[in-house]
Amino acid sequence: MRQRLQHPLAALLFAALLTAPWVGVRLLGGPDAFGFSSLMTVAVSGLSVLGASFMLAWGAETAEKDVPRAFAIAVLAVLAVAPEYAVDALYAFGAGNGGATAEACNQFTKAQIENGVTPVAAACHDANLAVANMTGANRILIGLGWSGIALFTVYRAASSADPSVTKKDGFLRNTVSLDRDLGLEIVFLLGATLFAFLVPLNGGIGVADTLVLLGLYVAYIIIIVRGDVEEHEEQVGVPAYLQELPFAFRSLSSISLFLYSGLIIYTAVHPFAHGLELIGKDLGAPPFFMIQWVAPLASESPELIVVAYLVNKARSTAGFNALISSKLNQWTLLIGTLAIVYSIALGDVGTLPFDDKQAAEIWITAAQSLFAIAIITNFEISVREAVLLLVLFVSQVAAESAIILTMSGPEADALSMDILYGYTVVYVLIALVMFWRRRHELARTFQWTANRARESMGGDAPVADHSD
């Protein structure tokens, strides 16, 4: 019995079962036909998004065996952020479709926008929610993902050999070593992070932001595609099982997983997001708080679970490679394409507006990213660093939650902003200190990346190995 439960098809069946209730609800008339409450709608649709996210990831990883590497790198990167993007795109489209522009939104008060007193005010609210979901997804990936997986890796190394874990004397000094070929991702992630600090200065996400962030990602893809990189690592679990099937069945499996998961996400994302807004109102919490912190958990969970599975199989290097690459995808593709969706809905090239609160959210997200990059600049993450990353994230969310749930009015808004600015300063100061102490490692990483870029473009510069 235990062997059957460990079979890859059991995991595939479990993911399918997570989506089954939502399929039944949709076929029989939708949540209203069953008299579902907001909580029940969120639970059923959220579980379906969770199951569909697993299927989407498995379908993408299975397809790696048959598609050209260049195509795989570009397309699979988009699929990696598809679940998060679905919620963001929903609100960005609503903002553009409702005519949310900076000029229009400035005519309303904060309360009028949150209450959606007019269709335009509701569209301005959607614009803020799009930014909230984006910043929440990015901060969860680092605050819970990077730190949690690092701690789990060290924990697992105590009972099973993991060559990436180094035991050191001193309190919380054990470290997890990272793949030094991640230097390319570190450099591009740092570039995107530094640019992100400038985004709020324009009062919205516009075409210039899209060009820069997507340009960074395209340059990254070009270097990978044209450079001498290793092939994809051997898959495990469901993708490994499906890749062993004959080509016809393997292709049919990938296409079926793509279509089914895409349909589930498309039909479930709106009731899931709207239900979270209603639950937030019932709890006295602003809808953006629910969209920022609860919605991304459904889409981020599959990736974190898969990475934890890799760590459990002593493949922590592959796990961290996935996490860091995912952060780069989100920090470039996810932000860069919001203005495109907004402009399509608006019917003109425009700038997705957001308020001062969301500007502060972008700054703290960029600051957390800067701190996380500083941590991995030496291609290690220690238990001490992981704990600090986790504590800073959890304490900030907890403090802001307490304010939102216990206070109201201008005083609560001002205190919430003070917390965001305060943590932003803390993140940046710690990051600057760490960058200074590791400036030699950072310089070598930049040099290695420059050499690799020149080589990928046909230059004769050798790509030197990283060295301490």
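Tutor: Start with a rule for angles. Under 35 degrees counts as roughly parallel, over 145 as roughly antiparallel, 65 to 115 as roughly perpendicular, and the rest as oblique. Keep in mind that this is a predicted model. Two packed helices are described by the angle between their axes and the distance between the axes.

Now take helix α2, residues 8-27, against α13. Their axes cross at roughly 50° and come within 11 Å. The two helices are therefore oblique to each other. The crossing of α2 past α13 is left-handed. Which residues make this contact? From α2 come Leu12, Thr19, Trp22, Val23 and Arg26. From α13 come Leu257, Tyr260, Ile264, Thr267, Ala268 and Pro271. By class, eight of the contact residues are nonpolar, two are polar and one is charged.

Helix α13 covers residues 247-283, and it also packs with α6, residues 82-97. Here the angle is about 65°, and the axes lie 10 Å apart. This time the crossing is right-handed. On the α6 side, the contact uses Pro83, Ala86, Val87, Leu90 and Tyr91. On the α13 side, it uses Ile265, Val269, His270, Ala273, His274 and Glu277. The contact of α6 with α13 holds eight nonpolar residues, two polar and one charged.

Next, look at α18 and α20. Their axes cross at roughly 25° and come within 8 Å. That makes α18 roughly parallel to α20. The crossing of α18 past α20 is left-handed. The contact between α18 and α20 has 19 nonpolar, three polar and three charged residues.

How does the whole lining divide by class? It has 17 nonpolar, 11 polar and seven charged residues.

Technical notes:
Residues numbered from 1 in each chain as written. Predicted model: local features only at pLDDT ≥ 70, side-chain atom pairs only at ≥ 80, totals over all residues. Heavy atoms only, no water. Nonpolar A, V, L, I, M, F, W, Y, C, P; charged D, E, K, R; others polar. Axes fitted to C-alpha atoms, helices over the stretch in contact; angles between N-to-C directions. Helix = DSSP H or I, 4+ residues; strand = E, 2+ residues; numbered from the N terminus. Left-handed = near helix turned anticlockwise from the far one by under 90°. Contact = heavy atoms within 4.5 Å.
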